[in-house]
Amino acid sequence: MQRRGVDVTRARLTLSFGRPATLIAGIIAFVIVLCADQASKWWILDVFNLPLKGSVAVMPGLDFTMVWNHAVTFGMLGGIGSNGPVIFCTVALIAVLALLWQTLTTSRMVVAIASAAIAGGAVGNVIDRMRFGAVVDFIHAHAFGWSWYVFNVADSAIVCGVIAWVIESIWSDRRSAVAHSGADRDSMHSSGSATASRDH
């Protein structure tokens, strides 16, 4: 009996984790985002030498512009002071742990990839703060007098991951609502058929 209880406990622990496919996809997404982010920053700083050039036009509407970002994604929450890097790194690492746990436990493929991509981007920016005291931003999109915040690959992964997660959650809620309404209709139909059979 005791051994059987242990087996049940192990089964429950196993079921608490997501499918192997989602876990593998999440790990791949995390590694790709982190490597792409750090490789692009290495190229910008050490090969292209953007800090000396300041800003370089790449194509219409896109420049490489060197910005040392002491705030968070897209320059938000700037002006915190000298404790900013420590605060941002601490909050980011806590968020990364939560995101990686989500990647480990979810069975939804899009959520696994999105959470891992967000975590990879957050880690990429944390590495910058630990190395330089600020995040390396260099992608500058603009057109017809409009100019977006200067950002990097990590920022792009974070924003795209959040958007994908939100869209998938909305679709999942709609699918669940449709499934529940269908189940209710089937239940009502079965109940009505049973009642009719008893009347006969």
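**Close-up views of a predicted model**

**View 1. The four-stranded sheet.** Four strands make up an open sheet in the order β1-β2-β3-β4, and their pairing is antiparallel; here two strands count as paired if DSSP finds at least two bridges between them, and helices (H or I, at least four residues) and strands (E, at least two) are DSSP runs numbered from the N terminus. Because β1 and β4 (146-147) stand at the edges with a single partner strand each, one side of each is left without a neighbour in the sheet. Strands of a sheet pair through backbone hydrogen bonds, either parallel or antiparallel. This is a predicted model, in which local features need pLDDT of at least 70 and side-chain atom pairs count only at pLDDT 80 or more, while totals for chains, interfaces and linings use all residues. Residues are numbered from 1 along each chain as its sequence is written, and side-chain values use heavy atoms, with hydrogens and water left out.

View 2. Strand β1 (residues 55-59) pairs with strand β2 (residues 62-69) in the antiparallel sense over four bridges. Within this pairing, A57 stands opposite D63 in β2, and M59 has L62 of β2 as its bridge partner. The two strands form a hairpin with two residues between them, and G61 in the turn has a positive phi of about 90°.

**View 3. The largest nonpolar core.** Eleven residues make up the largest nonpolar core, among them A29, F30, V96, A116, I118 and I158; such a core is a set of buried Ala, Val, Leu, Ile, Met, Phe, Trp, Tyr and Cys residues joined through side-chain atoms within 4.5 Å. At least two residues of this core come from each of α2 (20-47), α4 (84-105) and α5 (109-132), and α5 gives the most, with five residues. A second, separate core of ten residues includes F64, M66, V136 and I139.

View 4. V126 lies in helix α5 and is buried, with a relative accessible area of 5%; buried means under 20% relative accessible area, exposed over 50%, and partly exposed in between (1.4 Å probe, protein chains only). Leaving aside neighbours within four places in sequence, V126 is in contact with C89, A92 and L93. V126 and F88 are 38 residues apart in sequence, yet their C-alpha atoms are 7.9 Å apart in space.

View 5. V162, I163, V166, I167, I170 and W171 make a nonpolar surface patch of about 540 Å². Patch residues have over 30% relative accessible area and no salt bridge, with like charges joined within 9 Å and nonpolar side chains (Val, Leu, Ile, Met, Phe, Trp, Tyr) within 5 Å; a salt bridge is a side-chain nitrogen of Lys or Arg within 4 Å of a carboxyl oxygen of Asp or Glu. I163 belongs to helix α6 (residues 153-199) and is partly exposed, with a relative accessible area of 46%.

Conventions. Areas by Shrake-Rupley, 256 points an atom, 1.4 Å probe, with all protein chains shown as cover. Contact = heavy atoms within 4.5 Å.
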